[in-house]
Amino acid sequence: QSSTTKVFQHEHSSIAKNHHRPTSIIMSPPIMMSEKEDIQIPEDFVCPISLSLMRDPVMSRDGKNFEKKAILDWLNRGNVNCPLTRQPLKPSLLAPNVNLRLKIERWRKTNSAPAME
């Protein structure tokens, strides 16, 4: 396994359901923003659920960051645990991560990445 590939264990993965057996989601190497440029997105800026650059990051009590829409969709599908830590999780335990959002916005401007919507 290459050093740029990261495996996340999920008890209830939306990608593969194996009746209570843990499944793995493999995060591919950093996402490229453009075919013309090799701009790599820092791993901390990528949502572990959607595997996309976060626009509205939220943090769980155990310090895991997610794109708000992705984690709320995860919870609305009946999942009651964090997809990374398997600790109990509900929407009220998520807080906006303003610091991370500002870092992502700064990174976008520095790398001439498309503006956030």
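The structure holds two salt bridges, a salt bridge being a side-chain nitrogen of Lys or Arg within 4 Å of a carboxyl oxygen of Asp or Glu. This is a predicted model, in which local features need pLDDT of at least 70 and side-chain atom pairs count only at pLDDT 80 or more, while totals for chains, interfaces and linings use all residues. Residues are numbered from 1 along each chain as its sequence is written, and side-chain values use heavy atoms, with hydrogens and water left out.

**Salt bridges**

- Side chains of opposite charge can pair when their charged atoms come close.
- Asp73 pairs with Lys69, and their closest N and O atoms are 2.8 Å apart.
- Asp73 and Lys69 are four residues apart in helix H1, so about one helical turn separates them; helices (H or I, at least four residues) and strands (E, at least two) are DSSP runs, numbered from the N terminus.
- Asp73 is partly exposed at 30% relative accessibility, whereas Lys69 is exposed at 56%; buried means under 20% relative accessible area, exposed over 50%, and partly exposed in between (1.4 Å probe, protein chains only).
- Arg101 forms a salt bridge with Glu105, with 3.1 Å between the closest N and O atoms.
- Both Arg101 and Glu105 belong to helix H2, where they lie four residues apart, about one turn of the helix.
- Arg101 is partly exposed at 28% relative accessibility, and Glu105 is partly exposed at 24%.

**Aromatic pair**

- There is one aromatic pair, counted where ring centres of Phe, Tyr and Trp (its six-membered ring) lie within 6.5 Å; planes under 30 degrees apart are stacked, over 60 edge-to-face and the rest tilted.
- The ring centres of Phe45 and Trp107 are 6.1 Å apart and the planes meet at 75°, so this pair is edge-to-face.
- Phe45 lies in the loop between strand S2 (23-27) and strand S3 (57-59) and Trp107 in helix H2 (residues 98-110), so the pair ties together parts 62 residues apart in sequence.
- Phe45 and Trp107 are both buried.

**Nonpolar core**

- The largest nonpolar core has 21 residues, of which Phe45, Ile71, Leu89 and Trp107 touch the most other members; such a core is a set of buried Ala, Val, Leu, Ile, Met, Phe, Trp, Tyr and Cys residues joined through side-chain atoms within 4.5 Å.
- Helix H1 (68-76) and H2 each supply at least two residues of this core, and the largest share, four residues, comes from H1.

**Asn65**

- Asn65 is part of strand S4 (residues 65-67).
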